[in-house]
Structure formats: structure tokens, C-alpha cells
Amino acid sequence: MSIHHLVDVAKSFMTKVQSELDSEAHKTLRSYPGNASKASTDDTAIHGIQHPSSTGVIYVMDRAMDNGFTYNDKTWGNFGQGAPEVGHIDGCMDKPTHIEVPVDSYEYAPVAGIKPLRTAIANLYNTLYRKGMKSQYTWENVCVTPGGRAGLTRVAAAIGHVHVGYFLPEYTAYEQMLSVFKKFVPIPTTLDEENRYHIDPATIRKEISNRGLGLIVASNPRNPTGQVIEDGELRQLVHIAKERRTTLVMDEFYSAYIYSHEQEKNGRCVSITEFVDDVDKDPIIIIDGLTKNFRLPGWRICWVVGPKSVVSSMQSAGSFLEGGANHPLQLAAIPLLDPAKYIIEAAALQKHFRAKRDFVLKRLEEIGFNIRVKPDATFYVWLDLKELNHPVDVGLIFFEECLKEKV
């Protein structure tokens, strides 16, 4: 390749970048609070307060609402927020539309959650993943939090002076949440398409050794690529964590949305807790909740499961961060956590969302998308826009054009 050709390629690239920066979509993004250049002055700024930028999810929902979207408007298709459809699904439990609110629940709930709910969560994991194992989770291994982000934030607030690893592409809140806390150093690792954005044990071991990681945060199944780590690989991850004295924080919010074994219709789910030997010694922490697997994102009832010492730390962190989860909804959550009901729920979810995945993949391919890494889990599809005509081959511009179609 000649130097002249390289110069031409560079010029073409810079022209495209400048075109993107000059687009209305990018100007709109930069105009939102917290997104403006740090060099610019803001006459509305209040001394001592730095406006953080919103996560991408919140930004796209704000933009949709600016264009007329409401949650009850059926003429819109909401692909902007990582939430499952709520309401009736054949085979799933119909969630309560009214709950009892005992006078006692007017009081603050304990920061780590009420004991009956914590007991029910521990029983769910023991029944689904730990039958016959000597070491069992108890209520003291569970901390209830007001949403998954609160669980992640409690964990982040308790992390010491270590290097913290996470993988890209990944749930966007990780990067922003990890950057807020200054005690530790967040270190991203980029996954590639050739390996299907897969986090294999060899990659984990290499990153721990090469970067000196003391803690790793990862979603499994993975948001947004729809990939999943299962069986022997999960067992290897537990072994590596113990061997290298590295804590694994596993976000398992999509543990029921598994399509990798289509012949299984029994609600098969995935959790690293299946391979934990000692629940109080192994450095494994998981975060999950009612948000995705129970399709109750508005309830904000989630949990952290791990060694008792970790749960004690989570309780202390919650005491100064957000104070704990909603008391009446904790009570209402207990009947939903029956393991027998959960397996039926998971089987119905998999049937329903597998059909939705297959329909969406088929239609995307029909309209010209080449989906090179199809999802085996979650309800996401990782798309590449490069093959579309310019300018809609750029993410933000594509998004703004979708808004015009009420998507």
C-alpha cells in the first residue's frame, strides 16, 4: 500500500468522522446536560456540582419521550430499554395487581432486606442449583437491594484498592458506575467477533495474570451480545477465581432467558452458584432480581448472593447509599420465589422469547442485516450497521431515524 493511498484513506476517515460530529444526531447528544465539552462554560451550573452524563439507555428513552413516546402508547415499538414485556404471557404466573400492605410494612425494612424474603431467595438457589451439596446458602448469604444498579453500586462501594476488570461490549452502566468510585482502577478488556464475544476461562486467566486483576465484573448471560457461559466453563471460572484469589461478580439477570439447548423444555437456567464449593469461602458474588426473570422491572426488588462476609459489607454500604428496598413489595415478592413455580415460569419465558428472537432475526435478515453472532440467551441482538447506506450506518443517526418511525 503506497503512502498516497494511506493518506487518502486517512482523509476519507477524517471526513466521515467530521460528518458524524456535524450531524444533527450528534449535536443533539452533545446538547444534553452532562454531555457538553468540559471546556465549555455553563451559566446554569451550580458551584460544586458536576453534572454526570446519562447512560445510553436513559438518553434514548428521553429522546423518545421528546418525540411523543409514552409507555402506554401501542403505536410505538420500544427497543430502547432493556426490559422484558410485562403483563400476561401464556404459561407464566400472572403477577399481582393488588398487594396487602400491613401496618408493620410502613416501617423501614432492614437495609439487607427482610429475613423471610432473604430465606426464600437462598432456598431458590439451593433448590435449583445446589441439591445434594453440603454447603448451602442461608438468609445470611443474601442481601436485598432496590434494583440491580443498587446491587452493583453496593458492591462497587465495598471494593478495595485493586484492579477491577470488565469486558466490552457490556452493560453500559458498568463503565459509568465503576468510574465513579476512585479507590480502585477499572480496566476494560475488548472481546472480538471472531470469538463470538465469548469470555472463555483462558481469557479470564490471562487477564488476571497480565493486568493483576483482583476483581472481575461480568454479565452471564451477556448483555448486549446474547452469549452465555455454561457448564464446564463456569466450573473452570470458579476454580480460577479460587486459585488466583480473584473475586468474580456475576450479573445473572438473564439466567432464565436461555435458548442454547432448544430440545430442553423444562425451564433450564444458568447460574455460577451451581459450581460454588463453599458458599462462605469461594470468592463468587452474584446479582439478580425480579427485574428480568420475573418481568417486574418497576418493583425494584433485587439481590446480591455471596459469602456472609460480603453480605455484611453490602449491608453497611446500603446504610449510607440508599437505605434498602421497598418494604411492602419485599413481602409481595416472597410467594413468587417458589422454585417449582420458577421452573414453570422459566420454561414459558424461553418458549415465548425464543419465538420472538427467531421472528426478529428472520425479519432483520430479510431487510438486509447480516447478523454474524446470533444470541443464545437474553433478549438482545448485537447488530452491525456498516452494511447500511450512509448516513444511517452510524449508530446515533440510525437511532434518530428510528424515532421518526416510532421505534
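This is a predicted model: local features need pLDDT of at least 70, side-chain atom pairs count only at pLDDT 80 or more; totals for chains, interfaces and linings use all residues.
Where is Pro224 found? Pro224 sits in the loop between S4 and helix H8 (231-244).

1. **Cis peptide bonds.** The bond joining Asn223 and Pro224 is cis, with omega about 15°. Pro391 belongs to the loop between helix H11 (339-366) and helix H12 (395-404). Most peptide bonds are trans. Look at both prolines on the screen.

2. **The sheet.** Seven strands make an open sheet. Their order is S1-S7-S6-S5-S4-S2-S3, and the pairing is mixed. Strand S1 (142-145) and strand S3 (185-190) are the edges, each pairing on one side only. From one strand to the next, the twist averages 20°.

3. Strand S5 (residues 247-251) and strand S6 (residues 284-289) run parallel. Four bridges join S5 to S6. Take Met250: its bridge partner in S6 is Ile286.

4. **A helix on the sheet.** Helix H5 (residues 148-158) packs on the sheet. H5 touches S1, strand S4 (213-219), S5, S6 and strand S7 (302-305). The direction of H5 makes about 125° with that of S1.

5. **Two positive phi values.** Most residues other than glycine have a negative phi. Arg196 is not a glycine, yet its phi is positive, about 60°. Arg196 lies in the loop between S3 and helix H7 (201-211). Arg295 also has a positive phi, near 55°, and is a residue other than glycine. Its place is the loop between S6 and S7.

6. **Are these arginines buried or exposed?** Arg196 has a relative accessible area of 34%, so it is partly exposed. Arg295 has 2% relative accessibility, so it counts as buried. The cut-off for buried is under 20%.

7. **A nonpolar surface patch.** Ile99, Val101, Val103 and Tyr106 form a nonpolar patch on the surface. Together they have about 400 Å² of accessible area. Val101 is in the loop between helix H3 (56-66) and helix H4 (115-129). Val101 counts as partly exposed because its relative accessibility is 40%.

8. **A buried histidine.** His327 is in helix H10 (residues 327-333). At 14% relative accessibility, His327 counts as buried. Which residues does His327 contact, leaving aside neighbours within four places in sequence? They are Asp104, Ser105, Glu107, Tyr108, Ala109 and Ile114.

Note on methods:
Residues are numbered from 1 along each chain as its sequence is written. Side-chain values use heavy atoms; hydrogens and water are left out. Two strands pair if DSSP finds at least two bridges between them. Axes are lines fitted to C-alpha atoms, for helices over the stretch in contact, and angles run from 0 to 180 degrees between N-to-C directions. Contact means heavy atoms within 4.5 Å. Patches are made of residues with over 30% relative accessible area and no salt bridge: like charges are joined within 9 Å, nonpolar side chains (Val, Leu, Ile, Met, Phe, Trp, Tyr) within 5 Å. Accessible areas come from the Shrake-Rupley method with a 1.4 Å probe; for residues, only the protein chains shown count as cover. A salt bridge is a side-chain nitrogen of Lys or Arg within 4 Å of a carboxyl oxygen of Asp or Glu. Buried means under 20% relative accessible area, exposed over 50%, partly exposed in between (1.4 Å probe, protein chains only).
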